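Here is a guided walk through one protein chain. Please keep the sequence and the model side by side as you read.

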Amino acid sequence: MSVKVNVLLVGAGEINFGSVEGPWNHTSRLEKILTSRLRIVALVDPDQSRAFAALQSKLASAVAGVWKDCNLFPSVFEAAASLSPECVPQIAIVGAPPFARGTDIAGRDLELQLLKVFPACALFIEKPVSSGPEEASWRVAQALATHGTLVGVGYMLRYLKAVQLIKKVISDNGLVVMGTNARYVMAYEWARKPAWWDKSRSGGPIIEQATHFCDLSRYFGGDVHLPSVVAHTVQHNEPPGELSAKRFDEDQIPAENRLPRLTSATWKYTGGAVGTLTHVIALHGTTYDTEFEVYADGYHFRLVDPYSIPKLYIRRPGVAEVEAHTFTNDDPFHTELATFVGVVEGDRRNEAILSSYEDAIKTYELTWAIRRKSERAAEDYNQNP
Ligand SMILES: NC(=O)c1ccc[n+]([C@@H]2O[C@H](COP(=O)([O-])OP(=O)(O)OC[C@H]3O[C@@H](n4cnc5c(N)ncnc54)[C@H](O)[C@@H]3O)[C@@H](O)[C@H]2O)c1
């Protein structure tokens with residue numbers, strides 16, 4: 001009989017069970033990767049009715065077998081107290097909101113809770129690493145490293161074939177990245193969760209959403225010299241920031257917590273390159289407009305639409321034609337989890353995990369630096385318009 005892989009899920013929400021808003025759905029990927037070897041041992045969520053509904057739909061599906069041993073618990077500690085020795089998890093998928101994790105503050109410390117009760121368990125943690133103080137996340141990183149915990153963070157864009165092709169061309173040609181330019185234009189019409197539009201709850205559009213592009217920027221540009229970050233915004237109460245297609249009542253959100261409509265940031269990487277990010281909440285309908293560029297001597301890489309069907313345009317020295325690649329059926333959510341499972345099972349080396357916990361904290365720090373600098377710039381502007 002093939003060996004089972006015990007998985008504990010934290011969070012019965014969209015990242016683990018899917019959403020109409022996007023392709024994420026970690027459980028459907030795990031079902032495909034591990035098939036009948038998968039054994040979901042527990043689903044932890046304080047919202048037990050949501051967890052119950054999520055489990056019921058799985059038990060009524062074609063993959064019910066892998067869910068039959070799944071127990072529901074409101075907390076990690078209650079799971080630990082009840083799970084039998086043969087159900088101790090090897091992998092935990094941490095898909096709770098960032099306010100519940102990434103720190104050593106009681107109640108916001110899911111990683112440390114898991115470490116305490118399941119010390120041998122590998123952790124796959126969603127982005128952003130936290131919504132708490134960055135220093136607290138570094139203390140969590142230290143604890144995870146001291147215990148030798150295997151960790152991967154859900155910056156799935158790193159696993160795209162298009163992204164790996166850029167990496168390969170850079171490496172094959174010994175290129176030094178000169179700059180990165182990330183442009184993320186969101187279609188906001190159907191973004192209706194009030195919490196998302198409240199930066200005191202979501203962290204705001206850079207920490208919550210553009211984090212993927214900040215991470216991709218760092219993946220190519222390297223570490224960021226944080227004091228160099230400069231950022232400006234169009235605020236919700238400025239004429240260019242008026243949005244006509246909102247489908248929720250923004251008046252319910254205190255004015256100081258409302259989201260900027262446009263954020264424009266630049267920074268220096270410690271290696272000398274320059275990074276640029278533009279994030280805009282502007283488009284109607286459902287289709288986002290996202291593009292990411294990398295520059296190096298003689299080369300220009302332009303990655304278009306990395307969230308659906310990525311296209312990569314490469315201009316090389318001495319070649320008049322821009323080389324175009326289209327990547328159909330590339331599922332980075334599948335690749336990131338398949339890689340993680342492969343490392344846990346010893347089939348792949350640890351380096352195959354492309355987003356480590358420490359590295360993800362650096363992305364978190366960059367996103368906070370952009371938010372803080374942009375808020376300071378807005379205050380200065382408001383005082384001297
Ligand atoms: N990589 C991606 O593209 C991607 C996509 C979607 C979500 N995410 C990330 O996944 C995380 C979760 O997002 P979501 O959309 O699933 O949110 P969600 O609100 O749909 O679900 C989160 C669930 O976690 C539960 N929860 C809250 N506190 C908990 C705790 N202490 N322990 C266990 N469960 C707890 C909530 O009750 C809720 O059911 C966020 O960090 C989000 O940014 C990433």
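Domain bounds here come from an automatic or database domain assignment. That assignment gives the protein chain domain 1 (5-149) and domain 2 (157-330 + 356-383). The C-alpha centres of domain 1 and domain 2 lie 28 Å apart. This is a predicted model, in which local features need pLDDT of at least 70, side-chain atom pairs count only at pLDDT 80 or more, and totals for chains, interfaces and linings use all residues. Residues are numbered from 1 along each chain as its sequence is written, and side-chain values use heavy atoms, with hydrogens and water left out.

Start where the domains meet. Contact means heavy atoms within 4.5 Å. By that rule, 18 residues of domain 1 touch 14 residues of domain 2. Buried area is the accessible area (1.4 Å probe) that two parts lose on being put together, summed over both. Between domain 1 and domain 2 it is about 1,500 Å². Carbon and sulfur atoms give 63% of this area. Val 129, Glu 134 and Trp 138 supply 41% of the area that domain 1 buries against domain 2, more than any other three residues.

Charged pairs also cross this interface. A salt bridge is a side-chain nitrogen of Lys or Arg within 4 Å of a carboxyl oxygen of Asp or Glu. The rule finds 3 of them between domain 1 and domain 2. Arg 372 and Glu 134 form a salt bridge through their side chains, at 3.0 Å from N to O. Helices (H or I, at least four residues) and strands (E, at least two) are DSSP runs, numbered from the N terminus. Helix α7 (residues 134-147) gives the most to the side of domain 1 that touches domain 2, with 7 residues.

Where does Ser 130 lie? Ser 130 sits in the loop between β5 (122-125) and α7. Buried means under 20% relative accessible area, exposed over 50%, and partly exposed in between (1.4 Å probe, protein chains only). Ser 130 counts as buried because its relative accessibility is 0%. A polar atom of the Ser 130 side chain lies 2.9 Å from the backbone oxygen of Arg 101. Leaving out residues up to four places away in sequence, the contacts of Ser 130 include Pro 98, Ser 137 and Tyr 364.

Now move to helix α8 (residues 161-172), which holds Ile 166. Ile 166 is buried, with a relative accessible area of 0%. Beyond its neighbours within four places in sequence, Ile 166 is in contact with Phe 220, Val 294, Phe 301 and Leu 312. Helix α8 also holds Asp 172 and Lys 168, 4 residues apart, so about one helical turn separates them. Their side chains meet in a salt bridge (2.6 Å, N to O). Asp 172 is exposed at 52% relative accessibility, while Lys 168 is partly exposed at 49%.

The structure holds 25 salt bridges. One of them joins the side chains of Asp 215 and Arg 158 (2.7 Å, N to O). Asp 215 lies in helix α11 (residues 211-221) and Arg 158 in the loop between β6 (151-153) and α8, so the pair ties together parts 57 residues apart in sequence. Are Asp 215 and Arg 158 buried or exposed? Both are buried.

Another salt bridge pairs Asp 289 with Arg 183, whose closest N and O atoms are 3.4 Å apart. Asp 289 is in strand β11 (residues 289-296) and Arg 183 in strand β7 (residues 177-187), 106 residues apart. Asp 289 is partly exposed, at 34%. Arg 183 is also partly exposed, at 27%.

Methods: A polar contact is a pair of N or O atoms within 3.5 Å; within protein, one must be able to donate a hydrogen and the other to accept it, and residues adjacent in sequence count only if both atoms are side-chain atoms.
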